[in-house]
Amino acid sequence: MLTAMVPEVVDLAGCCPTRLHYLHIRTRVTTLVDRYLSLSHLNDRHDAFSQTNLFNLLEIPPLVHPAIDLQAFSLQQQVSVNSQIFQTLLTGVGESTTPGLPCFASPIDLPVTEIAVQDLTQGIHQAWSRVSVYVWLMAHSTGDLQAAIAHPLQIHLNQLAALWYWGGTLFGEAFLQSFQASTEELTMLLQMQATPSQPEPLTELDAHQQSIGPSSIETLTYGIELTFAFLRVILRLREWQRQRTHVNPTP
């Protein structure tokens with residue numbers, strides 16, 4: 001008797017097995033970065049970024065988008081993830097509407113050249129965080145839920161890419177170097193997380209808390225996955241900056 005084959009699901013992040021492990025998530029995160037933050041996409045939008053008002057990017061919160069109501073989607077569209085963690089991250093990143101840089105009271109009178117590299121990187125770090133979390137959420141979702149998350153992802157990606165464009169334009173290599181430490185720290189953290197030490201024995205309280213929430217192993221795994229998402233996003237932006245510098249060297 002032949003067993004019916006379950007058709008393989010392919011979504012915005014690529015192949016989506018019924019159960020995802022860490023290597024699956026790495027592949028899905030990479031696919032999403034390639035899809036939404038490809039070098040060709042960034043280069044195609046180069047002119048649009050150059051016309052973007054930098055002060056608006058730094059001062060005005062990203063375009064408001066409707067909150068995603070998880071109750072409207074099947075639980076099966078959250079893939080291999082603790083629903084409590086998924087909802088917490090989705091709600092948190094959706095409510096994170098703090099302006100990138102709220103310190104300019106009169107931007108019209110302030111020359112762009114007076115913006116310090118530290119000010120610009122502050123705004124980039126906020127956008128970078130949102131983008132990386134949305135990428136992770138999409139890696140752990142499928143179907144209509146994944147498509148719904150793609151909308152705010154693209155909004156924040158455009159903001160991040162435009163800020164990165166201005167950083168490279170105004171500061172060149174000095175701007176790229178300002179993120180060198182962040183990249184190295186993420187790489188080191190990923191290596192450390194990938195080889196965790198032996199966990200301490202569970203107490204009775206620990207066992208009870210795990211029964212109602214994510215286990216320590218789950219939490220560790222999600223941390224590793226999120227670190228990888230942060231790293232993939234920043235490495236792609238750094239690659240784009242190097243390409244821009246090579247194509248349009250500073251005279």
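Modeller: With confidence, since this is a predicted model. The protein chain has a mean pLDDT of 77, and 75% of the residues score at least 70.

Biologist: Which elements of the protein chain have the lowest and the highest mean pLDDT?

Modeller: Helix H10, residues 204-212, has the lowest mean, 41, while H1 has the highest, 96.

Biologist: What does the model show over residues 1-5?

Modeller: The pLDDT stays under 50 there, and the stretch has zero contacts beyond four places in sequence. Over residues 98-110 the pLDDT is also below 50, but the model gives that stretch 24 contacts beyond near neighbours in sequence.

Biologist: Which residues line the largest cavity?

Modeller: The lining consists of Leu32, Val33, Tyr36, Leu37, Val131, Val135, Leu153, Leu157 and Val233. By class, that is nine nonpolar, no polar and no charged. Helices H1 (22-36), H6 (117-139) and H7 (143-171) each supply at least two lining residues, and H1 gives the most, with three.

Biologist: Now the charged side chains. How many salt bridges does a search of the whole structure find?

Modeller: It finds three. In one of them, the side chains of arginine 28 and aspartate 11 meet at 3.1 Å, N to O. Arginine 28 lies in helix H1 and aspartate 11 in strand S1 (residues 10-11), so the pair ties together parts that are 17 residues apart in sequence. Both arginine 28 and aspartate 11 are buried.

Biologist: What does arginine 236 pair with?

Modeller: Its side chain forms a salt bridge with that of aspartate 34, at 2.8 Å, N to O. Because arginine 236 is in helix H11 and aspartate 34 in helix H1, this pair ties together parts 202 residues apart in sequence. Arginine 236 also meets glutamate 239 in a salt bridge, at 3.3 Å, N to O. Those two are three residues apart in helix H11, so about one helical turn separates them. Through shared partners, Asp34, Arg236 and Glu239 are joined into one network.

Note on methods. Residues are numbered from 1 along each chain as its sequence is written. This is a predicted model: local features need pLDDT of at least 70, side-chain atom pairs count only at pLDDT 80 or more; totals for chains, interfaces and linings use all residues. Side-chain values use heavy atoms; hydrogens and water are left out. On a 1 Å grid over the protein atoms alone, a cavity is a set of points where a 1.4 Å probe fits but cannot get out, and a pocket is an open set with protein on both sides within 12 Å along at least five of seven lines; lining residues have an atom within 4 Å of a point. Helices (H or I, at least four residues) and strands (E, at least two) are DSSP runs, numbered from the N terminus. Ala, Val, Leu, Ile, Met, Phe, Trp, Tyr, Cys and Pro count as nonpolar, Asp, Glu, Lys and Arg as charged, and the others, Gly among them, as polar. pLDDT is the predictor's confidence in each residue, from 0 to 100. Contact means heavy atoms within 4.5 Å. A salt bridge is a side-chain nitrogen of Lys or Arg within 4 Å of a carboxyl oxygen of Asp or Glu. Buried means under 20% relative accessible area, exposed over 50%, partly exposed in between (1.4 Å probe, protein chains only).
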